[in-house]
Amino acid sequence: MLLKSKFKLATAIGIVLSMLSLLVHLFLANYSAGGITQYNIHMDDVLPIWAAPIMHNGFIYAKIYGGFEKIQSSICDLVVVARLLNATLVIPEIQATTRAKGISPKFKSFSYLYDEEHFIAALLDDVAIVHGLPKDLREARKRIKFPTVSPKNSATPEYYKTEVLPRLVKSKVIGIIVNGGNCLQSVLPASLEELQRLRCRVAYHALKFRPQIQALGNQIVGRLRASGRPYMAYHPGLLRDTLAFHGCAELFQDIHTELIQYRRNQMIKRGTVKELLIVDSVSRKMGGSCPLMPEEVGILLQALGYPPNTIIFLAGSETFGGQRMLIPLRAMYANLVDRTSLCSQRELSDLLGPEGPLASDSPHPPPPKSEKELIEEWKRAGPRPRPLPPPPARPFYAHEKEGWYGWIGENDTEPDPSPIEFRRQAHRLIWDALDYLVSVEADAFFPGFHNDGSGWPDYSSLIMGHRLYQTPSAITYRPDRNIVAALFENVSDHRYHPPRNWTIAARAHLNKSANVEGVVSSAILSKPVSFLYHPLPECSCRTAKSVSVQPVKDSHGRLLFGGEEECPDSMVRSLATVSTKNNEPQNEDYEGELPEDDSSPDTQQDSDSKSSEQDEEMDPDD
């Protein structure tokens, strides 16, 4: 009986303990659920999964001013600066789009040109990048609680470590204002060689244009190659700012000279130019400081043996002087085309997206006066007889108010940019991006003005550096403008019919500029300005089967060409796969090749007779 009572007691105690355990678990479960619900309510304060690591020095936001070439170069530098300072980079803001009113709301600042998601994902292992600051920091930025810096052109890594990093650590957020396009010096110490490779990953892999630009660029390349022949890309480099900086005004005529001089005077007042307003433009051109004119480029292409039916793609959103400057080149090469002749207006407008209307800035007629106002005006007009009133002024039309010709003939001061001009500046970014894609893929590239010595990024040099990285065997001419100017000086009276020895000398120089010798001589001038102009040898490697190249160094002992490390095995296998695919037969093979050096006059005459047929084949709507 005693045993039974003890058994019942133990059973009762077990049941009580089980009930207590169950109550405790229910209480803990309820507490945990309440915590999760409370956490979900405050998800706005949590950074996305691709945000910066826990241990970082803060956030960097940046504003970039300038055109396409400055934007492209600045973004690469900003990513490297963020890596150098162990900071999280906020997607940079492109000011040419943020101050343009009425552009498509589908694209905001950075996404107006680039694919944001691809940019973030491609650099996930290198730098933490976020779309924007956390909510509390965004509010503090609006109240101007964080410091900003404007680094000088080609600032050193020591500047960022000693001047910027302490302020970043203290405030946790810092803004960088980039104006010149190069906010970090081009040549870095050997210990920072990995940062140079990061520049290449940003420029050639992470900075991918948004899909609409990419697709239309590929379509243009396909249309240029539809005839089965290669094409050449040519960028004139005739930009008003560049011409004003170097003092090339006298190479133009009439009103264009005034416009260049006006801009040069502005640069002198800002301290950008530290020379006199009036300089000898001819001597500047002889010294290689002015661009090659389109007429001169056409003569050089004839010396190289390119036939008149050669397809030439005109790159760049601005050619100062307009179509008048291109008349001599078009007379020599009728197949001079650009994006507007290869794309329909609908295709180009679709690239811009839906845009809002802008208020017209054209003058409006005065409002009509009532009969009472007319009588009062008549009474105040004075004694009779009165002379006849002057005839009404000629009305100004909308096209007369656009651009420089709306003010240069009437005022001495250039007006502030109008809303429509700000919008055009944003549009030029898209046109430059589109032409950049087509120029990189071209079978040959000829720059009108590269290595200009201004210290600013230039469009042609960025293309040449990208081509050197992507397809180093492609034909890229790098003419020395000093030599070319001397050549033209010798045939100034008969440049359209130069002697044979002149043609041989011009051809020899241009062919040399497209070879290794030209790459090295150009790198000596270009690499100190921008690493992206000559991303070798840091961003290249060699396979075991590749021919050994003698290393070439500059005066400071830095490698310019050759001496690359061996490629990793994974890259070698990838290259072998790509090579196998390229060797497979394609549906559209080239039937023609770029003209050889030994092209004869007979072949040029044959090409003359075919030029009209080729013009008919180039249908822009294909």
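D435 and R339 join in a salt bridge, with their closest N and O atoms 3.0 Å apart; a salt bridge here is a side-chain nitrogen of Lys or Arg within 4 Å of a carboxyl oxygen of Asp or Glu. D435 belongs to helix α17 (residues 419-440) and R339 to helix α14 (residues 339-342), so the pair ties together parts that are 96 residues apart in sequence. This is a predicted model, in which local features need pLDDT of at least 70 and side-chain atom pairs count only at pLDDT 80 or more, while totals for chains, interfaces and linings use all residues. Residues are numbered from 1 along each chain as its sequence is written, and side-chain values use heavy atoms, with hydrogens and water left out.

**Salt bridges**

- Both partners of the opening pair are buried: D435 has 0% relative accessibility, and R339 has 9%. Buried means under 20% relative accessible area, exposed means over 50%, and partly exposed lies in between (1.4 Å probe, protein chains only).
- The structure holds 24 salt bridges.
- One of the bridges links R141 to E93, with the closest N and O atoms 2.9 Å apart. R141 sits in helix α5 (residues 135-142) and E93 in strand β3 (residues 93-94), so this pair ties together parts that are 48 residues apart in sequence.
- R141 counts as partly exposed, at 23% relative accessibility.
- E193 and R197 also meet through their side chains, at 2.7 Å from N to O. Both residues lie in helix α7 (residues 193-206), 4 residues apart, which is about one turn of the helix.
- E193 is partly exposed at 29% relative accessibility, and R197 is partly exposed at 25%.
- A network of salt bridges links R83, D126, E193, E194, R197 and R201.

**Nonpolar cores**

- The largest nonpolar core has 88 residues, and Y114, F119 and Y160 have the most contacts inside it. Such a core is a set of buried Ala, Val, Leu, Ile, Met, Phe, Trp, Tyr and Cys residues joined through side-chain atoms within 4.5 Å.
- Leaving aside neighbours within four places in sequence, F119 is in contact with I75, V79, I91, F110, I129, V202, A206 and L207; contact means heavy atoms within 4.5 Å.
- A second, separate core of 27 residues includes M232, L304, L329 and W502.

**Helix α19**

- In helix α19 (residues 481-490), the buried residues are R481, V484, A485, L487 and F488. Seen down the axis of α19, they fall within an arc of 160°, so they line one face of the helix. That arc is taken from the directions from the helix axis to the C-beta atoms.
- These buried residues of α19 pack against α11 (281-286), α12 (294-304) and α20 (500-513).
- D480 caps the N-terminal end of α19, where a side-chain oxygen lies 3.0 Å from the backbone nitrogen of N482.

**Strands and sheet**

- Five strands form an open sheet in the order β9-β8-β7-β10-β11, with parallel pairing. Two strands pair if DSSP finds at least two bridges between them; helices (H or I, at least four residues) and strands (E, at least two) are DSSP runs, numbered from the N terminus.
- The edge strands are β9 (336-337) and β11 (475-476), each pairing on one side only.
- Strand β7 (residues 231-235) runs parallel to strand β10 (residues 444-447), and 4 bridges join them.
- H235 stands opposite P447 in β10.

Terms used. Polar contact = N/O pair within 3.5 Å; in protein donor to acceptor, adjacent residues only side chain to side chain.
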